[in-house]
Amino acid sequence: MTPFSPLTADKVADLLPLAGNPPRIPGRIINVTHKIPYNIVWASSASPIIELLSPPAPPTPFSVRSYAKSPRKHDEEIDTVEAAPISKLARHHHRTRTLRAKFHAADWTVEEGRDHAALHAGLQSLRDSWETVHIGWTGNILIKGTKKEIPSYKILENDKSKLKDLLWRTANIVPVFLGDASRGHYEGYCKEVLWPLFHYIVWSSTSDGRAEKQNWEDYVAVNRKFADTVIEQYRPGDIVFIQDYHLLLVPAMLRAKLPDAAVGIFLHATFPSSEIFRCLTTRNEILRGILGANLVGFQTYSYARHFISSSTRVLGCESTQTGIDIDGHNVSVGIFPIGIDATRVDNFRKESGVSPKIQAIRDMYTGKKIIVGRDKLDTTKGVLQKLHAFEKFLAAYPEWRNRVVLLQVTTPTHGDHTKLENKVSEIISHINGVYGSLEFTPIHHYHQNIDRDEYYALLSVADVGMITSVRDGMNTTSLEYIICQHENHGPLVLSEFTGTAGSLSAALLVNPFDYTGVAKALYDALEMSEEEKATRHQQLYNQVTSHSASFWAHSFVKQLVSATEERTLNSHAAPLLDMDKFVVDYKTSKKRLMFFDYDGTLTRIVPVPDDAKPSEGMMQSLTTLCNDPRNTVWVVSGRDQSTLVEWLGHIQGLNMSAEHGCFFKLAGQDTWTNNLKNVDMSWKQDVTEIFDYYTERTQGSFVEHKKSSITWHYRLADVVYGAFQAKECQNHLENAVVSKRPVEILVGKKNLEVRPLSINKGEIVKKILAQHPDADFVACAGDDKTDEDMFRVLSAAKHFRVNSQPEATSLPLIGLQQDTPVYSIAVGPAEKKSMANWHVKTSDDIVNTLGLLAKAMEIDKS
């Protein structure tokens with residue numbers, strides 16, 4: 001046999017998620033978010049505005065005005081309220097310029113919102129390459145001139161129709177009007193159950209469960225409403241892109257109605273470890289809802305690893321090289337760190353209202369270094385940890401007292417955080433009392449919303465940015481800070497528990513619970529040389545500008561297209577083997593390739609592996625097939641070499657592959673070829689220790705050592721306890737070995753096997769196919785996960801033959817003629833999901849099939 005072809009740089013580049021041009025999408029991209037990116041205002045007494053403004057263009061500086069007043073001239077005197085660094089006055093002053101678009105029709109006005117700017121910038125960038133549709137909840141409707149809001153479902157149908165028309169003509173938006181369930185969905189289940197759990201906040205109070213049950217029912221109802229809206233809008237060829245934890249059930253709901261749809265979901269929040277996630281009473285429903293997607297995206301590798309671990313431990317799914325295998329389908333799991341619209345942020349920071357506020361802050365703190373923190377006021381943002389660390393800094397580095405000031409802005413957020421607010425105030429008062437004086441106050445705290453000019457002035461004027469979140473899905477403030485510091489090059493002290501930490505390696509990464517470490521990072525930032533500041537900033541700036549929100553959205557869509565194409569080759573329930581057609585195709589062929597697994601295919605599965613010796617009838621049929629010069633017969637088994645030679649070595653003309661393709665022996669040869677010569681096997685010690693650990697604690701289990709793999713069998717263990725230990729062992733292996741070494745776990749029938757990634761049965765079949773391009777009949781039979789690699793190769797061969805253009809055919813690679821019948825046969829029940837295109841019920845059926853083929857040969861000879 002010829003050796004494996006080497007993996008070249010060109011081949012690797014073809015596999016990268018962003019290689020080449022944007023993918024061709026036959027339909028549209030349907031973006032699904034909990035809320036649309038617009039605020040809606042209703043003026044019931046206003047005169048209808050007949051003219052509808054055109055859809056929004058990409059934002060440019062000063063391109064759209066929110067108010068009718070003329071812009072302020074450069075030489076005009078600056079308003080003292082506008083120039084205030086952080087105004088505590090009532091904000092009746094107007095903004096002279098804004099980049100937010102505003103549209104009118106009849107009694108309705110829609111204006112771009114400020115929330116989730118990075119997300120919506122990414123989704124809007126998809127319009128440049130594809131047609132998009134945006135589905136989302138309208139939010140409550142604001143009544144113009146008042147502070148009142150009304151639920152969107154209460155407006156009249158005629159008004160709904162006008163609003164729908166305006167939203168569609170504005171940005172292809174399809175609104176979802178939610179009823180009373182919206183409160184239980186968002187304020188109930190999302191904010192009181194999912195959000196705390198995802199951020200490692202386990203409930204400290206108990207209840208009778210009635211409120212949670214009602215909130216869960218509302219969560220399901222809202223997800224159903226979204227799914228129904230998507231289904232109404234869906235056309236064949238469309239891609240569905242779902243956002244965040246508000247809509248975790250939608251993928252499975254869509255999969256039930258649209259089995260062939262391309263569905264992706266991205267979680268912007270953190271995802272907890274499996275030990276925390278298991279506390280959720282609806283954990284199964286949530287996981288199965290997410291796993292209805294083709295692709296699940298996360299901000300960081302750790303979030304993805306936690307999700308895979310939860311899927312394997314809670315649902316018993318098998319992890320794969322690319323994600324999760326559930327019900328025979330592979331769900332891809334990917335890492336897609338979100339960015340910001342750097343150009344838009346750069347425009348914001350250069351607006352005319354920002355500069356006077358920057359100057360006002362500098363004048364207020366002349367001669368002092370400014371540390372800036374801006375966080376929402378909740379426990380996950382690490383405000384308390386930041387204050388304690390700053391106190392440690394002032395204590396440890398007394399030379400910096402009276403020379404540095406912390407400006408901390410905390411923004412009110414959902415829920416009652418009175419205790420936290422009081423605690424923050426107490427700590428600040430304590431620090432200011434100990435380290436402050438009549439002339440100097442170390443910490444200035446503003447618990448309020450600030451306008452955009454104030455926000456960007458703070459980020460621009462800072463000498464050090466400080467973010468100490470104890471758990472944060474992303475934190476785009478860190479990215480905006482980097483853009484605002486393009487001239488000053490202020491260092492960034494960033495918590496390692498933020499989603500951005502993995503991308504911003506040039507920041508000063510800290511553990512927010514290590515107050516001494518954070519204090520040392522502050523000292524290093526303040527003492528850093530200008531040259532090092534510039535070098536670090538340039539690295540951060542390049543990362544932020546190149547990995548933008550647009551980059552995030554386009555990379556996810558491309559990977560979703562790829563994952564969907566792979567799903568077309570994925571497993572399915574195969575029909576019962578058509579024996580008459582099978583025999584006819586066999587008899588009429590001139591050169592045949594046949595591959596057979598051993599255990600569970602040529603013999604029955606038995607409790608003790610050494611008892612699975614071949615039957616006389618099977619060996620006679622196999623011998624007859626091997627004696628036909630038109631046949632090339634292979635037994636591709638997980639058994640070791642010595643066992644195959646002992647049981648089947650006397651059959652002349654039989655080719656054998658041992659240990660899942662690690663070794664092979666051609667018919668007529670006495671020696672085995674080793675495919676492991678250049679494979680790193682140092683992982684075996686770690687795997688052996690883990691398997692031995694579970695063997696000691698699982699009565700009836702044992703470890704089987706092979707040259708290429710190690711298998712843990714629990715066939716003789718208690719059924720329930722053995723399955724439980726297998727899940728625990730699989731999770732242990734994934735965290736300790738698979739995440740660090742080039743190996744994979746095969747979940748077989750009552751066993752776990754660890755083997756090298758580069759070796760499997762499919763690779764052997766691929767090589768043999770390439771060496772027999774004139775084969776006009778191919779048959780392959782197997783019963784477990786390891787045999788799916790063979791079926792996958794044959795399925796790909798069949799797929800590419802059907803879909804390849806004559807001038808661009810991949811026949812030389814696959815080694816099959818265009819009309820070659822391919823029979824991949826799975827052994828098992830009819831409902832079994834497999835890559836095979838046929839199935840038989842038991843191994844006895846395979847043996848009987850061999851007998852039919854042998855008998856057909858004898859009839860032909862006679």
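Let me start with one cut-off: buried means under 20% relative accessible area. Ser 589 has a relative accessible area of 2%, so Ser 589 is buried. Keep that cut-off in mind. It comes back several times.

One caution before going on. This is a predicted model.

Stay with Ser 589 for a moment. Where does it sit? Ser 589 is in the loop that joins α20 (579-588) to β22 (592-596). What does Ser 589 touch, once neighbours within four places in sequence are set aside? The contacts are Arg 630, Asp 776 and Phe 777. There is also a C-alpha distance to note. Ser 589 and Val 778 are 189 residues apart along the chain, and their C-alpha atoms are 9.8 Å apart.

Now the whole chain. There are 862 residues, and 55% of them are buried. The secondary structure comes to 28 helices and 34 strands. What about contacts along the sequence? Take those in the chain with a separation of 6 or more: 75% of them join residues 24 or more positions apart.

Next, the cores. The largest nonpolar core holds 60 residues. Which residues have the most contacts inside it? Phe 226 and Leu 248. Helix α5, residues 181-198, gives this core its largest share, eight residues. A second core is separate and has 59 residues. Among its members are Ala 262, Ile 361, Ala 501 and Val 544.

Back to Phe 226. Again, neighbours within four places in sequence are left out.

Now a helix pair. Two packed helices are described by an angle and a distance, both taken between their axes. The pair here is α9, residues 283-290, and α10, residues 301-314. Their angle is about 120°, and their axes are 11 Å apart. The two helices are therefore oblique to each other. The crossing of α9 past α10 is left-handed.

Who meets whom? From α9 come Arg 283, Asn 284, Leu 287 and Ile 290. From α10 come Phe 307, Ser 310, Ser 311 and Val 314. By type, the residues of this contact are four nonpolar, three polar and one charged.

On to backbone angles. Glu 659 is not a glycine, yet its phi is positive, about 50°. His 660 is not a glycine either, and its phi is positive at about 60°. Where are they? Glu 659 is in the loop between β24 (654-658) and β25 (663-665). His 660 lies in the loop between β24 and β25. Buried or exposed? Glu 659 has a relative accessible area of 1%, so Glu 659 is buried. His 660 is at 6%, so His 660 is buried too.

Last stop: Asn 432. This residue belongs to helix α14, residues 418-435. The cut-off for buried is under 20%. What does Asn 432 touch, not counting residues up to four places away in sequence? Thr 441, Pro 442 and Ile 443.

That is the tour. Questions, please.

Note on methods. Residues numbered from 1 in each chain as written. Predicted model: local features only at pLDDT ≥ 70, side-chain atom pairs only at ≥ 80, totals over all residues. Heavy atoms only, no water. Axes fitted to C-alpha atoms, helices over the stretch in contact; angles between N-to-C directions. Helix = DSSP H or I, 4+ residues; strand = E, 2+ residues; numbered from the N terminus. Parallel < 35°, antiparallel > 145°, perpendicular 65-115°, else oblique. Left-handed = near helix turned anticlockwise from the far one by under 90°. Contact = heavy atoms within 4.5 Å. Nonpolar A, V, L, I, M, F, W, Y, C, P; charged D, E, K, R; others polar. Core = buried A, V, L, I, M, F, W, Y, C linked by side-chain atoms within 4.5 Å. Buried < 20%, exposed > 50% of the residue type's maximum accessible area, 1.4 Å probe, protein only.
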